[in-house]
Amino acid sequence: MAKEPADAFADALSYATDAGQRLVLFLDALRQRGLQYEEHLSQLAPHVLDYDAELICDGRHLPRPVNYVLARIAPPQGLVIDETKRPFVIVDPRAGHGPGIGGFKADSEIGVAMKAGHPCYFVGFLPDAVPGQTIEDVALAEAVFLEAVIARHPEADGKPCMIGNCQAGWAVMILAALRPELFGPIILAGSPLSYWAGVKGQNPMRYSGGLLGGSWLTALTSDLGAGTFDGAWLVQNFENQNPANTLWTKQYNLYSKIDTEVERYLGFEKWWGGHVTLNAEEIQFIVDELFIGNRLACGEVRTSDGTAIDLRNIRSPIVVFCSKGDNITPPQQALDWILDLYGSVDEIRSYGQTIVYAIHDKIGHLGIFVSAAVARKEHDEFASNIDFIDVLPPGLYEAIFEPKSEAGANPDLVGGEWVMRCEARTLDDIRALGGNDLDDERRFATAARVSEINLSLYRALVQPWVKATANPALAQAMRALHPLRLQYEVFGSRNPFLSWLELAVPQARLERQPVADDNVFLKAQEAVSTQIVSALDNWREMVERISEQTFRAVYGSPLLQSAMGIDTSSQRRPRGAAKSKLHAELLAKRIEELRASMASGELLHACVRALLYIGMARESADERSFEAIRRLRRQGEHARSLTLSDFKSLTREQFFMLLIDQAEALRALPVLLPPDREERTAAFKLIEQVATARGPLSGEAADRLDEIRRLFDVASPVGSIAPGKLHIATRQRA
């Protein structure tokens, strides 16, 4: 029903008053952002950590100095840290922004790790790189940091867990391949390791390198910066992925919710506007070897002494957390390195590798490591169950999260609000997410070759002239005039035209009159905003479609591919990780050793082998089963002498025996059992407790439990056990 003229006039007057006040407060929020930006950049080591930190190691004082530092996070008052738990080391991305996003607020990666009782450390960096530092130097510095953390926690039951956010993820993986002995589990949050991967019609960022003709533009930008690359250009790339948010939604959301949004907006902008720089050598390595070359996953990256970086050298469990809603690191870029390195799950197991992945349905890139909801669910579960992940048998798993209220049996064995279950997966499950076909691989390989040629031509013909022209003063001026910096500067303290806000803002707050939700003009405003967002989204989709079509047409040309040395008739992928004959020989030797030792051991080995045999029928592992084992170990007389590392080695040994020859491993089981029937009965009762911790067994798993009962030669049903017998199943190897 149409409103009366008087009502319409009242709505207009109310809306005009509200809009005017909102505009004043909106401009004041931008002014606060500008002042915050200036204050943030004036700090020696700007960061956005929400915790007090103590400097442990300054990378500038190392033999190969870098601008990275290691800090210990001080737990909030009242929070108790268990020094026997493995430390967590969080590494933030140096991709244009400053450090601290991993501990941005209480519900963060740092927050949930400390809540689980783990000591926490943070690897951050200063705004400007040390002249001459390289990515290899940074990796060596982080190795020193890890050594320092390990030395500070000699009583910890396990090596440090390292979390690599976004860009930091591949840097952590490089170090883990070079120094695997330093690492406990590795968590990769939104980290791209397979840069060519993606789905047709999506993930347009992967086409950027080819459409720009390769990495020559990176070299030009660094040369104009007098050997320094401005990280604001990397941030600009992220901004360009979502023009609707960049050009409208972010500001409109602040304007329309000015009474409630300012604090959150300023908190995020403090990090988003903290631009840092990289050395020319660093960014050129990143673009050539990773973004365009995609060499890391194939073992083609080498250190300065010629050592090949093979990710298959990593011995720690790897947890990959990604999202279908992430257009910066889609699941394919986060996971397809597994397909590049391994031909099957058996090959993953042959390297003793455990890989667990979790895929969120809709969260965006930044939400993977800043969203409070994600911190309270996925990161909380990873932190609480890091030891469970560490002892998982080698293989490929998907982490499934189920609400505790729906989990069913034994909720007292669940620490948080969610139950984490690791389901066994195959490489076909990764392939089912979508990805490149052979033609796509040829296109990207062609783009990489074109990039190498263009970069060589630039260095030979243009670079000497650019370097002769560029100087530090010009480079500084270019950084100051970057559009992303200007949007902060124009609302800063040096803008005299905003001085009137000091009087207008208190008055606007005093007389604040928010408009009613049913105001017709407010609804019109929302409708206009929706139309603007829709138009910008349509523009983005059109640009992405044209970009993809152009890339596919240009680099799909058989003539160009042949000119670049790409064999268009071969059915082999242009790139893939090399196989090792030595690895095959060592594997065969290890298999023979395991066959020969199947009948060696005692009751503890028999119990672990039996539990694995039952669990393999379910093809999944549940945190409740591990918690049951943990509690039983605590009660055991000899359990404390069995470290987590010992238990992990024992579990893997028994698991491989079952994989190699299940029938023989079961036939040898009675040889490991003691002659005392009461002792066997107590041990079987423990096996049954752990096997049913997640609920009653059924089907093949139930049949296997009955088979173990027969092998243990105990009566059915099993009677209760005395508390004093609990230590029997946890007795150490003699």
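Modeller: The mean positions of the 77 positive and 95 negative charges of the protein are 3 Å apart, where Lys and Arg count as positive and Asp and Glu as negative, with His and the chain ends not counted, and where a charge is placed at NZ of Lys, CZ of Arg, CG of Asp or CD of Glu. This is a predicted model, in which local features need pLDDT of at least 70 and side-chain atom pairs count only at pLDDT 80 or more, whereas totals for chains, interfaces and linings use all residues. Residues are numbered from 1 along each chain as its sequence is written, and side-chain values use heavy atoms, with hydrogens and water left out.

Biologist: Why is the pair of E282 and R94 called a salt bridge?

Modeller: The closest N and O atoms of E282 and R94 are 2.7 Å apart, and the term requires a side-chain nitrogen of Lys or Arg within 4 Å of a carboxyl oxygen of Asp or Glu, so the pair qualifies. E282 lies in helix α10 (residues 280-292) and R94 in the loop between β3 (88-91) and α2 (109-115), so the pair ties together parts that are 188 residues apart in sequence.

Biologist: What makes E282 count as buried or exposed?

Modeller: Buried means under 20% relative accessible area, exposed over 50% and partly exposed in between, with a 1.4 Å probe and protein chains only; E282 has 0% and therefore counts as buried.

Notes:
Helices (H or I, at least four residues) and strands (E, at least two) are DSSP runs, numbered from the N terminus.
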